[in-house]
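The tour moves from the whole chain to single residues.

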Amino acid sequence: METLLNPSKTPNLFIPKTHLFKLSFLHSNFNPQPHSSFNRRPLSITITCKVKTSQGRKNDGKNISKKIVLTDSAPELSNEEIKAKPKGGGKAWGVIKKFPKRVLAILSNLPLAIGEMFTVAGLMALGTAIDQGESPEYYFQKYPEENPIFGFFTWRWVLTLGFDHMFSSPVFLGTLILLGTSLMACTYTTQIPLVKVARRWSFLQSADSIRKQEFSDTLPQASVSDLGVILMGAEYEVFLKGPSLYAFKGLAGRFAPIGVHLAMLLIMAGGTLSATGSFRGSVTVPQGLNFVMGDVLGPTGFLSTPTEAFNTEVHVNKFYMDYYDSGEVSQFHTDLSLFDMNGKEVMRKTLSVNDPLRYGGITIYQTDWSFSALQILKDGEGPFNLAMAPLTINGDKKLFGTFLPVGDTDSSNVKGISMLARDLQSIVLYDKQGKFAGVRRPNSKLPIEIDGTKIVIVDAIGSSGLDLKTDPGVPAVYAGFGALMLTTCISYLSHAQIWALQDGTTVIVGGKTNRAKAEFPDEMNRLLDQVPEIVESSISKKPDNIGG
């Protein structure tokens, strides 16, 4: 059954008026009877009318039709609706969706982060106490199982957990990664939302809400606009919206914790890169000899990658030392030349302690010295180079010695002249019986005769002790510490917020701050004292006297 309602005269409709149509056949006379599904008949009504608006008459002559379909039963579900309806597993999917939030909540837990920091500090202290990079035999002797430290700590702990290379061990790196993850989780779940909230212009429309702040006061006979001018003079950012005012300053203090976290992450990333991507090595080179950088440098971790600079050849041109007036060594220097693979000198520098040489990402430090050889003339023949050997003595003093055979060198009981030196500036000589024979300085050309042998000390050849290393994480560590100091200072800036509401001639003021809570009320009182008071003045009007 379909009924067409098409009145010949369409009434004028004006928006936004509402018109109600009352149709008699939509009341109780319509009483559908139950029937089978294949006998189901819907009721369809088509309404056609003309609509005229005050904006124009563009739709004159055009009919707008709307078809309304009524049925006595619910429509069947379409295939799309059936597919969209979950068939089960809703709880499991909800658990999966909540899992990342639970993990972030656990990682951002403050006690956990503090525990991770203490663990990292403890491992670093342990790595300082345990000698790093030694051979296993060294730890067998240092931490024997027969006499464990604290009753349980032996070489097995050191070698199994990688404490012999602590800062690249899985235990240390894993703890460092866990700490970094906690910092990122805390930044994402706590610090960033705080900054977003702080940046919003939050106007309080209720006087009770303002009075609940840490500081509140009431200014009778005042204007909220005058308060805004005073706050702007105090370097506040001020926003007005009708009778409401919102002001803040020190927003950088809210960003500072995020900067602190990022700086710490940068430091840890740089430290990790230094521990796993560096090269290190040491060498003692006599004056006049060469070495190749790549032959000395060894990798420290799985990220260590050599560069072209490793093919550079280093030549020790000269090694010499400075002395105090007492004769003690004050400083030692090495004149180095660097050559590329084509034999071209690419750099030359004299380095000393605390004045290293840097080339191609490789740093060469002057760390030690030694006595390589003593050059002499024997009975006018030579020169001969006698190797100097280090001798063990008590304390940290150095002593070097050599021996010049005299007489039958094939005898089982060879005797000769002994020569001892503490540094490169003087040589002490002893005869075959071990008696003191004299002292000579190198290059003095002053001969000395011992047991019928004439000896001239021509030169003392020193050796330079050099440490070489590459450390790609140093720039990141330095940048991180710089950012950490800066953001730590910025974090002490107070983030202050002030709200005000004009209520007639009265202004209700409230505020709060995250730092300097003791000084904030004094600052607020000082600012409110500057707000001018509005004085109402009335001018009485008298009738004009008209003189006649």
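Each stop below gives a selection and then what is found there.

**Stop 1: the whole protein**

Show everything as a cartoon. This is a predicted model. The protein has 12 helices and 24 strands. Of the 548 residues, 32% count as buried.

**Stop 2**

Select residues 252–276, helix α9, and residues 474–490, helix α11. Their axes come within 8 Å of each other. The crossing angle is roughly 160°. Angles over 145 degrees count as roughly antiparallel, so α9 runs roughly antiparallel to α11. The crossing is left-handed.

Next, show side chains where the two helices meet. On the α9 side, pick A252, G253, A256, G259, V260, A263, M264, L266, I267, G270, G271 and S274. On the α11 side, pick V474, A476, V477, A479, G480, F481, A483, L484, T487, T488 and I490. What kinds of residue make up this contact: nonpolar, polar or charged? There are 15 nonpolar residues, eight polar ones and no charged ones.

**Stop 2: a cis peptide bond**

Zoom in on G382 and P383. The peptide bond from G382 to P383 is cis. Its omega is near 15°. For context, colour residues 381–387, which form strand β15. P383 lies within that strand.

**Stop 3**

Go to F150 first. It sits in the loop between α4 (136–142) and α5 (155–160). Is F150 buried or exposed? F150 is exposed, at 73% relative accessible area; the cut-off for exposed is over 50%.

Then jump to E235. Look in the loop between α8 (224–233) and β5 (237–241).

**Stop 4: a buried serine in a loop**

Select S223. It lies in the loop between β4 (215–219) and α8. S223 is buried, because its relative accessible area is 17% and the cut-off for buried is under 20%. Which residues does S223 touch, not counting those up to four places away in sequence? They are Q502, V507 and I534.

**Stop 5: a buried serine in a strand**

Finish at S352. Colour residues 345–352, strand β12, to see where S352 belongs. S352 counts as buried, at 10% relative accessibility. Leave aside its neighbours within four places in sequence, and S352 is in contact with Q331, F332, H333 and Q366. Last, draw a distance between the C-alpha atoms of S352 and I364. How far apart are these two atoms? They are separated by 9.9 Å, with the residues 12 apart along the chain.

Notes
Residues numbered from 1 in each chain as written. Predicted model: local features only at pLDDT ≥ 70, side-chain atom pairs only at ≥ 80, totals over all residues. Heavy atoms only, no water. Axes fitted to C-alpha atoms, helices over the stretch in contact; angles between N-to-C directions. Helix = DSSP H or I, 4+ residues; strand = E, 2+ residues; numbered from the N terminus. Parallel < 35°, antiparallel > 145°, perpendicular 65-115°, else oblique. Left-handed = near helix turned anticlockwise from the far one by under 90°. Contact = heavy atoms within 4.5 Å. Nonpolar A, V, L, I, M, F, W, Y, C, P; charged D, E, K, R; others polar. Buried < 20%, exposed > 50% of the residue type's maximum accessible area, 1.4 Å probe, protein only.
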